[in-house]
Amino acid sequence: MKKHSYIRIISILFCLILLFQQCSKSSRGTVVPPGGGGGGITPPRNDVDFWLTKANQTVLLQKQTGTISFTASSSSTYPVIAVDASSVYQTMDGFGYNLTGGSAYLLNRLDAASRTSLLNEIFGSGPDGIGVSYLRISIAASDLSQQVFSYDDMPAGQTDPNLNNFSLSKDTVDLIPVLKQILQINPALKIIASPWSPPTWMKDNGNSMGGYLLPQYYSTYANYFVKYIQSMSAKGITINAVTIQNEPQHGGNNPSMLMTAPQQAEFIKTNLGPAFQAAALSTKIIIWDHNCDNAAYPISILNDAAARFFIDGSAFHLYAGDISALSGVHAAFPDKNLYMTEQWTGSNGSFDGDFKWHMKNVIIGSVRNWSKLALEWNLASDQNYEPHTPGGCTQCKGAITINGNTITRNVSYYIIAQASKFVPAGSKRISSTQDGGLFTAAFLRPDGMKVLIVLNEGSADITFNILFNGKSALTSIPAGSAGTFTWQ
């Protein structure tokens, strides 16, 4: 064979090798323009970032590497989720947890380095943080405290109507130090506080469980709230809002108290509201703080004009009823705010089932029904679902499990993180459609970024279009997964 034939064969082989390399790279999702300048293929631009959590736990809040680009046309064969930033609804206060007394106890017993690292992860807004911006705490003990207590406990048969013995001393051991460290990380964090029970000497049954507030102590109890808010403020902790009573129709917790709607209305208009006004407190007063099966309770209080004057809004849990109840209250009183303040995950639940249900109802469902926040229940428990009071919840699973210095992130951690990492306080909910078995909520952040949370609770992957400002981005979400999509 002649020399020039060898050269020709070698040249052809070399070209084939280059072509194979380019095809191989393209098959891995990267379009490579040929060398030598002009006339090459332009790589597609990634317009949308996508963070995914799968309910089967194979992917947990991971940023995806695929390219999602907005183009002038959409694929008509796939569902369309239309996002409209010109249709603006409520401003979000944030996403977070209930920092129970037991949670604070466990966090405060981590070694300093572990605690600092964990709190920065939960409340920090950097690349490794999930940006929690809201907490609910208990006024005195909840059922997930180590012991039952109020801020003015008296010996049997004694009372203290002037609150001379009022003291936050039990909260100074764990709760307040942990809160102070959290506020150093996120000074803008907002706090809502809820009582499980007043001092037993204020109640008709003299017991930490159940019973009703005695009318002769309405004024004293209003002053108890004022002293609490002022005392926390003196320690550098602002209480942004209070609810009147945690779960006022459930007297079976230890501690707990019953309170009817007429009693709550009377207490607010005659005592608590005027006491806040006299003390020049800006702390919001929020009613109900119980399930979605009795929207008539908060509506009946708001129907009382004298009480309504002092009320910011209503809080809900979802152990009964449907999340759409919030929209019913909004329709009746559109000028009053709504808050999703508690939903638990338990020791007998599955990650798969809990993740999909909570994403659908607590995260997406509550904000689509006008809630300004979404809070999961207990931030931290140990491996035995403790601490709790005698008669308190024995199955409440923390968002994190703390076993010594070993930390495990549980389903509630990821439920909240899927939103809190991307939707800071001050974001506004905007319009998003739902189609093809996809549940959605969309937000416009203060920095102009758009956020779309999507849940596919079904058993098949779903490809769909994100339609925004006349352009469409084709993407997909795996079966049993939630995704958060962000773009400028």
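This is a predicted model: local features need pLDDT of at least 70, side-chain atom pairs count only at pLDDT 80 or more; totals for chains, interfaces and linings use all residues.
**View 1. Strand S11 and its covering.** Strand S11 comprises residues 337-342. Of its 6 residues, 5 are buried, and the strand is accordingly described as mostly covered.

**View 2. Pairing of strands S10 and S11.** Strand S10, formed by residues 311-321, runs parallel to S11, and 5 bridges join the two. Within this pairing, Tyr339 of S11 has Ala315 opposite it. In general, the strands of a sheet pair through hydrogen bonds of the backbone, in either a parallel or an antiparallel manner.

**View 3. The unit containing helix H9.** Helix H9 spans residues 325-332. Together with S10 and S11, helix H9 makes a β-α-β unit that is right-handed.

**View 4. Pairing of strands S11 and S12.** S11 is also joined to strand S12 (residues 371-378), by 2 bridges, and these strands run parallel. Here Ala374 in S12 stands opposite Met340.

**View 5. The unit containing helix H10.** Residues 351-368 form helix H10. A right-handed β-α-β unit is made by S11, helix H10 and S12.

**View 6. The open sheet S13-S14-S15.** This sheet has 3 strands in the order S13-S14-S15, and its pairing is mixed. Strand S13 (380-381) and strand S15 (406-409) are the edge strands, each pairing on one side only.

**View 7. Pairing of strands S13 and S14.** Strand S14 consists of residues 400-403 and runs parallel to S13, with 2 bridges joining them. Ile400 in S14 is the bridge partner of Ala380.

Methods: Residues are numbered from 1 along each chain as its sequence is written. Side-chain values use heavy atoms; hydrogens and water are left out. Buried means under 20% relative accessible area, exposed over 50%, partly exposed in between (1.4 Å probe, protein chains only). Helices (H or I, at least four residues) and strands (E, at least two) are DSSP runs, numbered from the N terminus. Two strands pair if DSSP finds at least two bridges between them. A crossover is right-handed if, with the strands pointing away from the viewer, the path from the first strand over the helix to the second runs clockwise.
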